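Q: I am new to this structure. Please show me how to read its features, one at a time.

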Amino acid sequence: MKKFTITAAKTAGFCFGVDRAVKLVYNEIEHGFKAVTLGEIIHNPTVVNDLAEKGVRVINTPAEAEKDEKVIIRSHGVGRDVYRELEERGIPYSDGTCPFVKRIQNTAAKCSAEGKDIIIMGDETHPEVIGIAGHCQNKAYVLQDPEELEAFLKKNFENSKKKVAIMPQTTYNINMWQNCVRIAAFYENAETYDTICSATSERQAEAARLASESDIMIVVGGRHSSNTVKLFRICSGLCGTCFHAESPGELSMLKMPKGFSNKSDIRIGITAGASTPASIIKEVKNQMSEIIKNMDEDFNFEEALNASFKRLYTGNRVKGYITAVNNTEAIVDVGTKHTGYVSLSELTDDPSLKPEDVVKVGDEVDLIVIKINDAEGIVQLSKKKVDALKGLDELAKAKEEGTILEGTVTGVVKGGVIVLANGVRVFIPASQATMRRDEKLEELLKQTVKFKVIEVNEQRGKAVGSIKAVRSAERDAAKAKFWDTVQVGDVFKGEVKSLTSYGAFVDLGGIDGMVHISELSWDRIKHPSEVVSVGDTLEVYVKDLDKEAGRISLGYKKDEDNPWVKFESEYKEGDTVNCKIVSITAFGAFAQIIPGIDGLIHISQIADKRVTNVKDVLSVGDEVTAKITEIDSEKKRISLSIRAVLEENGEAAESEEE
Ligand code: F3S
């Protein structure tokens, strides 16, 4: 026997403010007033129709009110000009503005009177926002999301002393508001006022909890009620079978998806938007109970509901079975008389995939209805929109938890790149895509990249990420590991990043070390560029470390290349060598014996006669023959003598003559 559990969310239905405004209208009628509401009192056709039956008209401006009518201001509130007009016309009115909305109006009015600019975060077309703006003496700006706020503050308040007060409309997304607060914190002259009403977030949190525990979720409320639509979106992402019903009567039109007939324990959750009266929620609950009560032991929920009239609506979430896949689309059975089609562009955003890479015949898939053509019996569906909804939730979770995600770079667009992850196109701004500005964005194309989510806009179905945040964290971790383990003598291969007159900076993998000019060559050089260039790869070793200061000195010269070692192995005192004059001083000349090894020919050893000026006898570049008269290994000094060679040659000549 099947077991059914029906749970209605405690926070479903009217919030305090709406309840108060609706009661106000009924109260006025009961007291014999001819009431009119300034705009529909709530977005609920059942309530609006009931009031209409009781003679309550809906008007759009005070001017439309008849003499004997009393105007009711709804919970969204109105601007000061409306109050003024009511008073000037002498029209009686009752103020149903929610006290929480009133509080924002007062805050905005006070800040504006103090000369501050006002920014309202929200929807500029929403009556509540229009009303708040209508309480400001000066201009009030309405911005939608944190990105818009960031750009606006940068443009208008970065170098300005002007003060600005920022406040959200009551139903603004809490995560987005937290980002706004973070952005505003960079501006000394910006104040933030948290004016979000918790009723909405509490209702959404409970709906999410209930949806994740339910097999079937019913969201009750007007199709034009933005908070009901938002609830439906949240529940759809968490419960595979989610219905949006405007009234209890629509329940009989719902079609249960395949698979439910096999379940023995079915949990049904019910929630409702802020404009749904408790009576309707109760009726929905009763109707579901009635359906369940009338079932016999072998009741087949699917068949029973299939027997009723089935309708699809644009925006409905449905389950479908793939019946065929071709090169351009997948054909789906959605359990109605329609033939369902999912085009490739609605299967995935990944341009490298074909339909067969995404779905196979027989797959059960979650889809959203995007277009219905009853005349031709065709319904167009989207898989990627469902994936994106689920994906957005996953991205929001990843943002909350700081999780690193992976995705493929599918495009380079103006100002950044697009990464496809969890079915969502995540925008990575250029400043967050690479570590250096000179790196080309095109090089990321088709690469699998790791990124962190920095912003999710569920209302607009958008997400922003940062590859740089992951790479910076990886680099910091690598740096920390490097400093933990590095020791003097360790050998690294690294790329020369830059040159200065005193040395070369080498990248050891995120850490730069310096090779001093004296360490670059055994020869005497005037600038590092004589031996290395930027981009060269060098094998270096750690000569010295200062972990606290984060400094590292590198060695590059190798002992086996030490020219002194080479010199001592090939030459000894008394040898005659051919050498080249490399510099001249007042006391003699230096001659290069082998590269890196010079010897001094003292002025007294330049010739076999007295020399007063070295330059009279020798010039830089002269090739001379000299005798090694002394090698001082400790001081690495060599003394040479041309005179000794000349005298030896003279003695030899004399003895030959004898
Ligand atoms: Fe008031 Fe909050 Fe409802 S502001 S109208 S109690 S959602």
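Q: How do the residues of the shell around the ligand divide into nonpolar, polar and charged?
A: They divide into 5 nonpolar, 3 polar and no charged. Here Ala, Val, Leu, Ile, Met, Phe, Trp, Tyr, Cys and Pro count as nonpolar, Asp, Glu, Lys and Arg as charged, and the others, Gly among them, as polar. The model is predicted: local features need pLDDT of at least 70, side-chain atom pairs count only at pLDDT 80 or more, and totals for chains, interfaces and linings use all residues. Residues are numbered from 1 along each chain as its sequence is written, and side-chain values use heavy atoms, with hydrogens and water left out.

Q: Which residues are around the ligand?
A: A residue is near a molecule if one of its heavy atoms lies within 4 Å of it. The ligand has Cys15, Gly17, Val18, Cys98, Phe100, Thr170, Cys197 and Thr200 around it.

Q: How do I read two packed helices?
A: Two packed helices are described by the angle between their axes and the distance between the axes. Helices are DSSP runs (H or I, at least four residues), numbered from the N terminus. Axes are lines fitted to C-alpha atoms over the stretch in contact, and angles run from 0 to 180 degrees between N-to-C directions. Take α6 (residues 146-157) and α7 (residues 174-184): their axes are 9 Å apart, at an angle of about 15°. Angles under 35 degrees count as roughly parallel, and α6 and α7 are therefore roughly parallel to each other.

Q: Is the crossing of α6 and α7 left-handed or right-handed?
A: A crossing is left-handed if the near helix is turned anticlockwise from the far one by less than a right angle, and right-handed if clockwise. The crossing of α6 and α7 is right-handed.

Q: Which residues of α6 and α7 meet?
A: Contact means heavy atoms within 4.5 Å. From α6 come Pro146, Leu149, Glu150 and Leu153; from α7 come Met176, Asn179, Cys180, Ile183 and Ala184. The residues of this contact divide into 7 nonpolar, 1 polar and 1 charged.

Q: What about α1 and α2?
A: The axes of α1 (residues 16-30) and α2 (residues 45-53) come within 12 Å and cross at roughly 15°. That makes α1 roughly parallel to α2. Their crossing is left-handed. Val22, Val25, Tyr26 and Ile29 of α1 make the contact with Val47, Asp50 and Leu51 of α2.

Key: Helix = DSSP H or I, 4+ residues; strand = E, 2+ residues; numbered from the N terminus. Parallel < 35°, antiparallel > 145°, perpendicular 65-115°, else oblique.
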